[in-house]
Amino acid sequence: MSAPTLVERLDAALALLEQILVVLLTGGITAIMMAQVVLRYFFGAPLFWAEEISVQLLVFASVFGLSLLTRRGDLVSIDFVPRALSPRAHHTLMAALGAVMLAIVVFVAWLAWGWISRPDVRLELSATTQLPRWTTYAVLPVGLACMAWHQVAAIVRHLGGLRQPGGASG
């Protein structure tokens, strides 16, 4: 198996895992909030932690959803220039832009990891559940690492497109 094929398979597997995770997280938010409504309005016994946990799950789903958008190439972009280029120039430009995006994502992930590693952040507890907040914050460098992997796979795809006759992706 060639390296580009292995990268593509790993990228697809990560995307499938992220998609399952986003669906489960969204289902969890729905279940928690439905239980909250029923318990609060029908039994007068609300879940004191429902809103906080739901917000945390929403953040997790958003970060991994953003990583999925990165993999699919569905982030907001101005694409009239790449579309107007020849296939070879298109792949060259997209690989270069992918490298820039990769550098930015890795830098922000490094900053996020440094931030959650600070002692004052590691000691911070959530208001309602008293869980350490760093566990919630940790989703940022993990999600950014997933985005970085998807960006590496996109660069590999575009470099592979350059090897095709005429620069067309095959």
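Buried residues are those under 20% relative accessible area, with exposed meaning over 50% and partly exposed in between (1.4 Å probe, protein chains only). The model shown is predicted, so local features need pLDDT of at least 70 and side-chain atom pairs count only at pLDDT 80 or more, while totals for chains, interfaces and linings use all residues. Residues are numbered from 1 along each chain as its sequence is written, and side-chain values use heavy atoms, with hydrogens and water left out.

**View 1. Helix α4 and its buried residues.** Helices are DSSP runs (H or I, at least four residues) numbered from the N terminus. The buried residues of α4 are His91, Ala95, Gly98, Val105, Ala109, Ala112 and Ile116, and what covers them includes α5 (119-123), α6 (134-137) and α7.

**View 2. The largest nonpolar core.** A nonpolar core joins buried Ala, Val, Leu, Ile, Met, Phe, Trp, Tyr and Cys residues through side-chain atoms within 4.5 Å. Of the 17 residues in the largest one, Leu25, Ile32, Leu57, Phe60, Phe64 and Val139 touch the most other members. At least two residues each come from α1 (3-43), α2 (50-72) and α7 (139-163), and α2 gives the most, with eight residues.

**View 3. Surroundings of Leu57.** Leaving aside neighbours within four places in sequence, Leu57 is in contact (heavy atoms within 4.5 Å) with Leu25, Gly28, Ile29 and Ile32.
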